[in-house]
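Thanks for coming. Please have the sequence and the model open.

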Amino acid sequence: MITLKKSARRIWNFIKKHKILLPIVVIILIALGFYLYPKPPKPVPTQTARRSNFTQTVSVSGSVDSKSTVTLSFLVGAKLTYLGVKTGDTVTAGQTIAIEDQRTAQKNLEANLIAYSEQRNAFDTTQNTYQNRTPDQALNDAMKRILQNNQYDLNKAIVSVELQDLAKQQSVLTTPISGIVTQAGVEATGVNVGPATTFTISDPNKMDFVMDVDEADISKVMLGQTSSITLDAYPDAPLNLPLTSIDFITHPTSTGGNAYSVQVDLPSNPDLRYRIGMQGNADIITAQEMNVLSVPISSVFDNNYIYVKKGNLYEKRKVVLGIQNNTNSVVEQGLSEGEQVVIDPTQVPQKSIINSQ
């Protein structure tokens with residue numbers, strides 16, 4: 001008893017002499033205890049297999065465009081004398097957009113009309129000389145050639161007048177469709193314009209949503225399938241519309257892959273709700289199955305194996321998979337409703353794995 005008291009006194013004296021070190025020692029002891037104390041194993045997350053309706057989709061992005069758009073420009077360069085529109089204006093089919101200086105074209109037309117008149121007089125004189133015979137009615141080869149050349153000269157004069165009239169018409173730019181001017185290549189008259197000066201007209205009543213479907217997914221996509229579209233401008237108003245067009249030719253994407261353009265006709269647009277360039281996302285429904293079991297894609301490993309929880313153990317089981325979407329896959333064989341499927345197979349302890357019988 002005396003020895004025990006002496007030991008306790010020595011410890012107490014040591015503590016009093018080392019008050020500063022005591023807290024550090026206590027913290028170290030607590031940390032060691034926490035580190036060395038055996039921890040319970042982490043639970044492995046599972047998901048209960050339930051029957052539900054399953055939808056396979058292809059998720060894509062796209063933008064709004066007009067199905068009816070024209071780009072207009074002059075065929076030759078000249079000074080602009082009339083400008084009837086600006087960007088944002090509404091136009092009707094046949095309306096004049098712009099006119100180039102027509103003075104040169106007008107003078108050329110007048111000159112060719114005079115040349116035609118002269119040639120017409122010469123034609124009539126020749127015909128009178130030969131009793132209005134046609135080349136087939138000529139009395140000899142010499143007369144036949146004269147009558148043929150007479151007709152050729154008249155035809156050439158007529159064509160020259162028509163060409164100059166066409167050149168004058170081409171100095172007037174008109175729109176073949178009704179719509180909105182989405183781009184005007186010039187803002188004022190008095191400047192030189194030409195083929196590089198363009199005007200774009202788009203019909204706002206014929207709008208569509210154009211999506212890029214990757215080459216790897218295009219085999220799943222068919223006309224008439226439903227697409228669920230959400231425009232960034234109207235996130236709370238999704239559209240469920242059928243596919244109306246699928247391009248036959250691919251085009252390169254910004255990421256270096258290949259994609260096909262797939263179109264959906266948008267509803268009527270009297271209030272200009274849908275505007276060219278609006279961005280959005282779409283889910284194209286490519287397949288549906290009713291009352292089926294499915295598992296997360298993350299659950300599948302090693303060529304269609306999953307882990308099924310059995311008490312404290314995990315059974316490695318091979319399954320037959322069906323259609324898939326971005327997150328889940330249908331299980332056609334190898335799984336029963338109510339069983340617990342491991343979500344992440346990498347978290348299953350190796351010592352708790354059993355093979356299926």
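**Salt bridges, surface and core**

Lys-220 counts as partly exposed, because its relative accessibility is 36%. The classes are buried, under 20% relative accessible area; exposed, over 50%; and partly exposed in between, with a 1.4 Å probe and protein chains only.

Before going on, the conditions. This is a predicted model: local features need pLDDT of at least 70 and side-chain atom pairs count only at pLDDT 80 or more, while totals for chains, interfaces and linings use all residues. Residues are numbered from 1 along each chain as its sequence is written, and side-chain values use heavy atoms, with hydrogens and water left out.

Back to Lys-220. Its side chain meets that of Asp-217 in a salt bridge, 3.6 Å from N to O. By salt bridge I mean a side-chain nitrogen of Lys or Arg within 4 Å of a carboxyl oxygen of Asp or Glu. Asp-217 is also partly exposed, at 23% relative accessibility.

The structure holds ten salt bridges. In another one, Asp-124 pairs with Arg-120, with the closest N and O atoms 3.5 Å apart. Both residues lie in helix H3, residues 103-129, four residues apart, or about one turn of the helix. Helices (H or I, at least four residues) and strands (E, at least two) are DSSP runs, numbered from the N terminus. Asp-124 is partly exposed at 30%, and Arg-120 is partly exposed at 33%.

Are Glu-315 and Arg-317 buried or exposed? Both are buried, and their side chains meet in a salt bridge of 3.3 Å, N to O. These two also belong to a network of salt bridges with Lys-310 and Glu-339.

Now the core. The protein chain has four helices and 23 strands. Its largest nonpolar core has 22 residues, and those with the most contacts inside it include Val-64, Phe-209 and Leu-266. A nonpolar core is a set of buried Ala, Val, Leu, Ile, Met, Phe, Trp, Tyr and Cys residues joined through side-chain atoms within 4.5 Å. Among the elements giving two or more residues to this core are strand S2 (51-66), strand S11 (207-214) and strand S17 (279-296). S11 gives the most, four residues.

Leaving aside neighbours within four places in sequence, Phe-209 is in contact (heavy atoms within 4.5 Å) with residues including Val-64, Ile-229, Val-262, Leu-266 and Ala-282. A second, separate core of 16 residues includes Leu-72, Phe-74, Val-85 and Ala-184.
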